Amino acid sequence: MDDARQENARQAALEYHEFPKPGKLEIRATKPMANGRDLSRAYSPGVAEACLEIKADPATASRYTARGNLVAVVTNGTAVLGLGNIGAMASKPVMEGKAVLFKKFASIDCFDIELNEPDPVKLAEIVCALEPTFGAINLEDIKAPDCFIVEKICRERMNIPVFHDDQHGTAIVVGAAATNALHVAGKAFDKIKVVSTGGGAAGIACLDMLLKLGVRRENVWLCDLEGLVYEGREAQMTPQKAAYAQGKTPATLDEVIEGADLFLGLSGPGVLKPEMVGKMAARPIVFALANPTPEILPDEVRSVAPDAIIATGRSDFPNQVNNVLCFPFIFRGALDVGATEINDAMQLACIDGIAALARATTSAEAAAAYRGEKLTFGADYLIPKPFDPRLIGTVASAVAAAAMETGVATRPIDDLEAYKQKLQGSVFKSALIMRPVFEAARSASRRIVFAEGEDERVLRAANAMLEEMTDRPILIGRPEVIERRCERAGLPIRPGSDFELVNPENDPRYRDYWASYHDLMARQGVTPDLARAIMRTNTTAIAAIAVHRGDADSMICGTFGQYLWHLNYIRQVLGRDGLTPHGALSLMIQEDGPLFIADTHVNAVPTPQEIATTICGAARHARRFGVTPKVALCSHSNFGNLDTDSGRRMRAAMEILDAKGVDFAYEGEMSADAALDPELRERIFPGSRIEGPANILVFAYTDAANTARNMLKMRANGLEVGPILMGMGNKAHIVTPSITARGLLNVSAIAGTPVAYYS
């Protein structure tokens, strides 16, 4: 059965590389090439202008070409992963994979370059000749000691960053893991004894990094296949190993491991035995990083040292030391400031950023990607997970700052905080457009009650609110359930101390709440007994009553259940004093900008007046996001060419807007393609009231709006902010069950904005 599984896995991997087209990379143009004008600008004669600018000032190559965001991954295939010297051609799938990681995690373009050149000096000369093409060089999978020679020559001759990831990437992630392991163990770098196995490129680089972090040279013991590296040893020696020679006599790993605080393994399987771990210091730290089989398995370590802190190179154990935590982000920061090298300060900044992220609260996105794992800082969570989206903003900005401070940045960044926010916006697609909303929300402190307070997404949103906003969350739920789920999710917040709680099973306000609900609903068939039952079981109704009584300023519900079911209770309790829900607005963030869709939930077949009211509300909200509204009234009909129900209602809504004299652009009725394609619209209806694509689409039927919303979300990779419930004075918002923790945080920022911002 194991053989069958292995064969299936092998075949799946091969098919992954072959289909739907061979390989993992392709090149796409970033500029249009649709007509002769485009061709004349992209090539002759227009291309000459860019060439002459670069000739006059080579630094402008980062403005007029892709060089400033282009990295080369270069190898000769002499030390590939766990495969050894398989040659340049066979290494290509690995290098393509590295290029994909650059693009995925840091939006860096990358060419993989495999060279048939075993001589390290000649290899270095070839790499140096590539400098005009690339903004940085990532050396990869070159055997030791050749890799030291290649990197040294390239760094001396090239004026762009040259980074051997096998050495320095590994060292940085090991440095971050060691920083936090010592934090957990209560030890310090300058006091620990380190024993390491493996004197290759990665092993030596890790030891060099540990010295930079404070480990004393005399406290480092290096072993390899010949045993201890000592002064005068001749077998299997290199200058890099000799720098870590200890004593003048041979010794075995078993002999030198006694009292060691940290074992660092970058060698081979089974090198460290359980009885050796037993000789280590109290609370030993074991980094067994050989792949695919480590120097010792975690269970073997714990059999003799249950409190050991363990890291491996494998993803199926906690604390995977994975270079992807480092290289995309250190290159991102280096490229963005035009660094001429990646120096020690930049590498140490990278370590600090990675280590600090693990000590902070885990992001909701990382928790979703690694569902089922407990991502709470401690012995089993020393470093972040690769899919933690905060890495790019935290690490790349720290690297950029270090480059500027050390004088190697040729294009310094004036506003590092804005740069960090821009990086966050590249992974959190809502970050940039939500910025004005968050800034408005910070102008006041509003109390926001979450109806489904036991949901982990709500807990993560509440935690993020406390970190990023001035609003105060109120959660409805059972305290023991919420506390247990906070603990399981690795969240530091707790009911009572960090947020207010409404406990449906035992709350001192229970009598006041059911009495208030009964007063409102007594003439709609709600008896006192029914009011009591609803205030024990219906968290949406409880949240609405909390807002009604002034215990909260706004409510958020809908993480489960049907939208109109929630809306019913909001109407019952809060739909009075001139407030009435008149439409749901969804902001869809797409690659080419924001698009608002309405009404996605409230009015199944809106009247012309309801359509006009929805349009006015949508325009107000668009302005809150910094978007100048351009509204399209969408219908099956195009400017009266069909006498349909939707067309008639849209034309009537147009007349209402005309009579109101609103201060935003609108046009209709028209089909969605005419709304989004100005050239098509001009052919159908020359002289339209709006220019360019519409950014607000208002539909004649809720099912049409909701279909458009879902298609954009599911098939066009659109990110939804909302839905925003219009007409309720910002007292209530209903989300949908597909909402994420980040989506809830966005809605809480909308709910946290004072009502004055809506007018």
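Ile285 sits opposite Ile309 of β10, in a stretch where β9 (residues 285-288) and β10 run parallel and are joined by 4 bridges. Two strands count as paired here if DSSP finds at least two bridges between them, and the helices (H or I, at least four residues) and strands (E, at least two) are DSSP runs, numbered from the N terminus. The model is a predicted one, in which local features need pLDDT of at least 70 and side-chain atom pairs count only at pLDDT 80 or more, while totals for chains, interfaces and linings use all residues. Residues are numbered from 1 along each chain as its sequence is written, and side-chain values use heavy atoms, with hydrogens and water left out.

Zooming out from that pair, β9 and β10 belong to an open sheet of 6 strands, ordered β7-β6-β5-β8-β9-β10, with mixed pairing. The edges are taken by β7 (227-228) and β10 (309-312), each of which has a single partner strand, so one side of each is left without a neighbour in the sheet. Helix α8 (residues 165-185) lies across β8 (262-265), β9 and β10, and runs at about 160 degrees to β9. Axes are lines fitted to C-alpha atoms, for helices over the stretch in contact, and angles run from 0 to 180 degrees between N-to-C directions.

There is also an open sheet of 4 strands, with the order β2-β1-β3-β4 and parallel pairing. Here β2 (109-114) and β4 (162-164) stand at the edges with a single partner strand each, so one side of each has no neighbour in the sheet. From one strand to the next, the twist averages 20 degrees. Strand β3 (residues 136-139) pairs with β4 in the parallel sense over 3 bridges, and Ile137 stands opposite Val162 in β4.

Leaving aside neighbours within four places in sequence, the contacts of Ile137 (heavy atoms within 4.5 Å) include Ala72, Val74, Met158, Phe163 and Phe331.

As for the aromatics, rings of Phe, Tyr and Trp (its six-membered ring) pair if their centres lie within 6.5 Å, and planes under 30 degrees apart count as stacked, over 60 as edge-to-face and the rest as tilted. By this rule the count comes to 8 aromatic pairs. Phe596 and Phe625 have ring centres 5.8 Å apart and planes at 55 degrees, so the pair is tilted. This pair links distant parts of the chain, 29 residues apart: Phe596 is in strand β16 (residues 593-598), and Phe625 is in the loop between α26 (608-624) and β17 (630-634). Phe596 is buried at 0% relative accessible area, and Phe625 is buried at 4%. The rings of Phe664 and Tyr666 are edge-to-face, because their centres are 6.0 Å apart and their planes at 65 degrees; both residues are buried. Elsewhere, ring pairs link Phe102, Phe163, Phe327 and Phe331 into a cluster.

Helix α23 (residues 528-537) has Ala531, Ile534 and Met535 as its buried residues. Seen down the helix axis, they fall within an arc of 95 degrees (taken from the directions from the axis to the C-beta atoms), so they line one face of α23. They pack against α22 (510-521) and α24 (539-548), whereas Asp529 and Thr537, on the other side of α23, are exposed.

Strand β12 (residues 472-476) has 4 of its 5 residues buried, so it is largely enclosed by the rest of the structure. It pairs with β11 in the parallel sense over 4 bridges, and Ile448 stands opposite Pro473 in β12. At 18% relative accessibility Asp455 counts as buried, and beyond neighbours within four places in sequence it is in contact with Arg485 and Thr559.

Key
Buried < 20%, exposed > 50% of the residue type's maximum accessible area, 1.4 Å probe, protein only.
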